[in-house]
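Colleague: I would like to learn how to read charged pairs in a model. Could you take me through them one at a time?

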Amino acid sequence: MADLREVLAAAQAYRAAAEAALAERLAHAPIDREQRAAHGFAWVATTVAALEAALIWCESGQYSNPLDARIATLAFAEGIGQLVGGLPMGQNEIFRPADLGLGAAARALSDACADLLDADHAATRADVASALADGHWPSETLHDADLDSIRDQYRRFTDAEIVPHAHGWHLANDLIADATVQAMAGLGTFGVCIPEAFGGLGLSKLVMCIVTEELSRGWIGAGSLGTRSEIAGELIAMGGTDAQKAEWLPRIASGEILPTAVFTEPDVGSDLGSLQTRARQNANGEWVIDGAKNWITHAARSDLMTLLARTLPDAKDYAGLSMLLVPKPRGTETDPFPAPGMSGSEIKVLGYRGMREYALQFDAMSAPAGALLGDEEGQGFKQLMRTFEGARIQTAARAVGVARRALELGLDYALNRKQFGKAIVHFPRVADKLAMSLVDFVTARELSYAAARAKDSGKRCDIEAGMAKLLAARAAWSNADASLQIHGGNGYALEYEISRVLCDARILNIFEGAAEIQAQVIARGLVGGRN
């Protein structure tokens with residue numbers, strides 16, 4: 001793979017040129033005026049990081065699986081091709097080298113990678129698709145027996161307990177069955193990263209990625225159920241008082257308590273500094289909450305809200321925000337919000353079902369005097385920011401799971417659907433879709449693992465987390481779209497699982513920080529020399 005090492009070095013030089021060009025522009029104009037250039041650079045940096053991760057993965061297997069080298073070659077051919085010719089930031093937004101004055105740098109990259117770019121990779125794509133058709137997959141070992149065992153355990157659980165039921169739950173808009181939630185709790189799903197001293201498993205973010213990926217392969221709702229506990233657990237473990245940790249962490253880890261994140265408001269998405277929900281203390285020291293929240297996942301069946309509210313009304317922007325731990329009775333189908341002072345209505349959604357989305361209203365709802373996280377007012381946004389890295393890495397893992405499921409469904413359909421006397425997997429356009437879906441899945445997976453390892457090392461990794469989410473969300477959507485195309489008209493029928501997977505994939509580019517927000521974080525951070 002020495003030739004790919006040389007190609008990677010050329011891509012890294014191109015990334016450096018792009019960073020220098022953006023820095024020059026930002027010296028004369030704010031980043032919001034140069035969004036296309038800045039976000040394009042973020043995609044350049046993300047693409048090169050994905051190639052770095054893919055090459056490390058390929059070389060770590062010491063070429064024991066012949067598929068690995070083919071996938072790495074296709075990843076590099078496509079990645080370099082996009083860097084030179086145009087990177088898709090969205091369906092109708094292509095970042096061209098000229099958008100950042102990189103024409104000369106792009107030509108230099110093209111010249112350095114001429115052998116790769118000039119080669120016809122049709123035979124390689126066909127070999128990859130043929131291997132998939134024969135049941136062969138690329139390496140997924142993490143070179144650690146414990147990690148591989150955890151993957152196997154959750155894959156078996158997902159195949160037995162999630163995959164057979166997920167589409168029925170989706171079509172009926174049912175909540176994930178209580179028995180399934182308890183089975184997930186029995187595996188330790190809700191306490192993966194909670195310290196052992198508080199009843200959790202005390203494991204790494206890499207393990208969290210593996211668990212989330214496998215559950216999301218069955219259904220994004222199953223993988224996302226753990227996200228609520230991950231966010232709440234990290235908030236409390238990092239910012240809670242000793243009493244709050246003792247009260248909540250063991251119960252979250254065991255699955256006794258199902259938390260929900262209550263941040264977004266009807267007119268406030270990414271701009272959290274504009275939140276209007278208020279909380280004040282009464283004469284008894286209890287907190288009284290008034291306001292409205294929107295897009296709150298699992299709000300009815302949850303037992304604990306991590307609620308961001310303005311407690312210092314005279315403080316501007318983020319400074320007045322505090323995080324409250326607000327217990328509530330678990331709702332039922334007939335009475336979803338039994339807590340006094342709290343009401344809500346369900347938001348009907350295309351996908352991402354299993355927990356349901358709600359608009360909430362608070363009218364003098366009370367919370368205990370000890371609800372203030374860490375007993376610190378005005379620190380809510382900072383406390384929440386510390387969870388963004390883990391949440392975005394987990395969201396990348398959810399996207400990786402969705403990307404794999406889309407590929408599995410497309411492959412199965414292509415093997416069994418016959419047209420013109422043969423299975424459609426043997427038609428090159430179908431085979432190409434499968435091969436490149438596999439490439440996108442592997443590169444997204446390896447970039448998410450790289451971000452998790454960065455988080456586990458203790459370093460700041462908001463850039464790495466943003467890159468992982470940015471790339472994985474695109475892979476989930478493109479794989480789902482390709483798989484539905486393979487299904488043809490049947491893919492548009494609700495009875496086929498791919499119709500659900502397509503809807504589920506679309507949300508991944510929006511929540512936990514939209515793609516545009518991720519690109520902004522990446523560009524600003526890299527140009528500023530962060531991480």
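**Charged pairs**

Modeller: Arg217 and Glu214 are about one helical turn apart, because they sit 3 residues from each other in helix 9. Helices here are DSSP runs (H or I, at least four residues), numbered from the N terminus. This is a predicted model, in which local features need pLDDT of at least 70 and side-chain atom pairs count only at pLDDT 80 or more, while totals for chains, interfaces and linings use all residues. Residues are numbered from 1 along each chain as its sequence is written, and side-chain values use heavy atoms, with hydrogens and water left out.

Colleague: What do the side chains of Arg217 and Glu214 meet in?

Modeller: A salt bridge is a side-chain nitrogen of Lys or Arg within 4 Å of a carboxyl oxygen of Asp or Glu. Arg217 and Glu214 form one at 3.3 Å, N to O.

Colleague: Which other residue forms a salt bridge with Arg217?

Modeller: Glu408, with the closest N and O atoms 3.4 Å apart. That pair links helix 9 to helix 12 (residues 380–416), across 191 residues.

Colleague: Is Arg217 buried or exposed?

Modeller: Buried means under 20% relative accessible area, exposed over 50%, and partly exposed in between (1.4 Å probe, protein chains only). Arg217 has 4% relative accessibility, so it counts as buried. Glu408 is buried too, at 15%.

Colleague: Which side chain of opposite charge is nearest to Lys245?

Modeller: Lys and Arg count as positive and Asp and Glu as negative; His and the chain ends are not counted. For Lys245 it is Asp242, 4.5 Å away, and Lys245 is buried without a salt bridge.

Conventions
Helix = DSSP H or I, 4+ residues; strand = E, 2+ residues; numbered from the N terminus.
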